[in-house]
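Subject: Structure handover

Hello,

Please find the structure below, with the sequence alongside. My notes on what was found in it follow.

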Amino acid sequence: MQTNVLEYLEHTALRVPDRLAFADDEMGLTFRDVHSCARRVGSSLAGEGAFREPVVVYMKKCPSTLAAFFGVIYAGCYYVPIDEEMPGRRMKLILENTKARYLIYDESTRDRVPDLGFQGRAMSYHDCIEGRIDEKVLEEIRRQAQDVDPIYVLFTSGSTGMPKGVVGHHRGVIDYVDSLSDVLGFGEDTVFGNQTPLYLDACMKEVYPTLKYGAMTWLIPKEHFSIPINLVEYLNEHKINTICWVVSALTMISAFGTFEFVRPAYLHTVAFGSEVFPVKQFNLWKAALPEAQFYNLYGPTEATGMSCYYHARRMFDEKEVIPVGRPFPNTGIYLLDPEGREVPAGEKGEICIKGTCLTHGYYNNPEKTAEVFTQNPLNPHYPEVIYHTGDLGRWDGDGNLVFVSRSDHQIKHMGHRIELGEIEADVDGIEEVSACCCIYIKEQNKIVLFYAGNIGKRELTVQMKERLPRYMIPNAIVPLPELPLLPNGKRDRMKMKELYWEQRKKRTKSRKEEA
């Protein structure tokens, strides 16, 4: 039984050392390369005195960054990724939270390190991999290792503006990777196309299975995700057959008619998550790739990665919601009411998770950890932790979990309880709408709809009146060329609120000038 994620790399580097592991448009690393570079980084860190502590990795998105991650683990430490595209304030908050003594940079970030105000030991990745491998030290570090040791601190990209560092461990990642791989059928012939930044947990769906099987991952350049046709051509050029992407990346391709010009010729496995996949867009993908296997995944960073899966074998009617399915093996799902009782089948409850998938909580944040990682209220007999996701779900008639909405997206409006997600689902069904999002302006008691698509506000209102009860019709409608997104691909509701207030100020100023 494996107890350390580095065993994936070690077994594969011994079996297929010259096979390409990770690549982008500028470079590629074989498994031999990754193994050697990681051990050199680990030896360099250990030589500096780093052990069982956070190490910040401040590098651009490239194969070398992944080797640096594994090198941090070899040193018996845990990696904290920050990215050149992150706002400076966010990076400083992460450094303040972790109080890291060590930071690894590359040539692209070297000149920016001083701007961080980092007071510890900044080390060049290039210098680290030029050093020697200290076999004796690495062996001693491994001898002391346990499967509950942390391997990363990943900071969530929530809408509150204050990042929280989630502490993942070997056992949770191993359970997740093994279960996910079995369900989605990964193997040595798998060619992944990575979409997400390397500082998000979503990249683990490609990175660690690549190590496990000797598969291959292409780190797709960000600019391709702005031009759908180029993106699909990139998939075909590199014979990418498996993608695990956020919903927004998939809908960008289908909503702009890309399949009329080019289709992914090699794609046989499509996994998606992060948000509800609009049925209209999912059906376009299913029609374009009838032989491919589609999987809806659900799960929070706090539970290592994805906790549930649903094999979507058919197309869906407009009014249906694609379930998130059943929990992975060794994972428990409860739906609880506010008093901590299980809700009856078919009724909504908060999705709570238990199992070895649970992370250690939030780094240097015991108050927030205690708030959402609590004793299981259904078990008064011995300590058993569950994680409260803040998501609402229900069990359908087939025993599948259906995501309903965020608990904080349920509002009271005009005397009615409303799920903003229900409005979004109906609007998504309108043919000319490519994307939409609802927010609630509490100060004005207003539901505001943001949308992108080829339809005017007046015609959209007419169609909404045919689909929605009067009390659910948005009070304001804001068309945008595209919806703002967080780095993790979810809709940036905080940004949309800012846009709403900016537009309102401009209208107020214009009226005053006219008066």
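I begin with helix packing. The axes of helix H1 (residues 6-15) and helix H2 (residues 31-48) come within 8 Å of each other and cross at roughly 135°. H1 and H2 are therefore oblique to each other, and the crossing of H1 past H2 is left-handed. On the H1 side the residues that meet H2 are Leu9, Glu10, Thr12 and Ala13, and on the H2 side they are Phe31, Val34 and His35. By type, the residues of this contact between H1 and H2 are four nonpolar, two polar and one charged. Please keep in mind that this is a predicted model.

H1 also packs against helix H8 (residues 204-213), at an angle of about 45° and with the axes 7 Å apart. H1 and H8 are therefore oblique to each other as well. Here Tyr8, Leu9, Thr12 and Arg15 of H1 meet Tyr208, Leu211, Lys212 and Tyr213 of H8. The residues of the H1 and H8 contact divide into five nonpolar, one polar and two charged.

Next is helix H11 (residues 279-288), which is mostly covered, with seven of its 10 residues buried. The buried residues of H11 are Val279, Gln281, Phe282, Asn283, Trp285, Lys286 and Ala288. What do they pack against? Their partners are strand S11 (242-246), helix H10 (247-255), strand S12 (269-273), strand S13 (293-298) and strand S23 (433-441).

Lys61 lies in the loop between strand S3 (54-58) and helix H3 (63-74). Its relative accessibility is 24%, so Lys61 counts as partly exposed. Apart from neighbours within four places in sequence, Lys61 is in contact with Asp24, Asn194, Gln195, Thr196, Pro197, Leu198, Leu219 and Ile220. Two of these partners also have a listed distance to the side chain of Lys61: the side chain of Asn194 makes a polar contact with it at 2.7 Å, and the backbone oxygen of Thr196 is reached at 3.0 Å. As for Gln503, which is 442 residues away from Lys61 along the chain, the two C-alpha atoms are separated by 35 Å.

His388 sits in strand S19 (residues 385-395). His388 has a relative accessible area of 18%, and because the cut-off for buried is under 20%, this residue counts as buried. Leaving aside neighbours within four places in sequence, His388 is in contact with Glu350, Ile351, Cys352, Val372 and Thr374. With Glu350 there is a polar contact between the two side chains, at 3.2 Å.

Last, there are two backbone angles to note. Asn330 is not a glycine, yet its phi is positive, at about 70°. Asn330 is in the loop between strand S15 (326-327) and strand S16 (331-336), and is exposed, with a relative accessible area of 53%. Asn445, another residue other than glycine, has a positive phi near 55°. Asn445 is found in the loop between S23 and strand S24 (446-453). Is Asn445 buried or partly exposed? With a relative accessible area of 37%, Asn445 is partly exposed.

Regards

Terms used. Residues numbered from 1 in each chain as written. Predicted model: local features only at pLDDT ≥ 70, side-chain atom pairs only at ≥ 80, totals over all residues. Heavy atoms only, no water. Helix = DSSP H or I, 4+ residues; strand = E, 2+ residues; numbered from the N terminus. Buried < 20%, exposed > 50% of the residue type's maximum accessible area, 1.4 Å probe, protein only. Contact = heavy atoms within 4.5 Å. Polar contact = N/O pair within 3.5 Å; in protein donor to acceptor, adjacent residues only side chain to side chain. Axes fitted to C-alpha atoms, helices over the stretch in contact; angles between N-to-C directions. Parallel < 35°, antiparallel > 145°, perpendicular 65-115°, else oblique. Left-handed = near helix turned anticlockwise from the far one by under 90°. Nonpolar A, V, L, I, M, F, W, Y, C, P; charged D, E, K, R; others polar.
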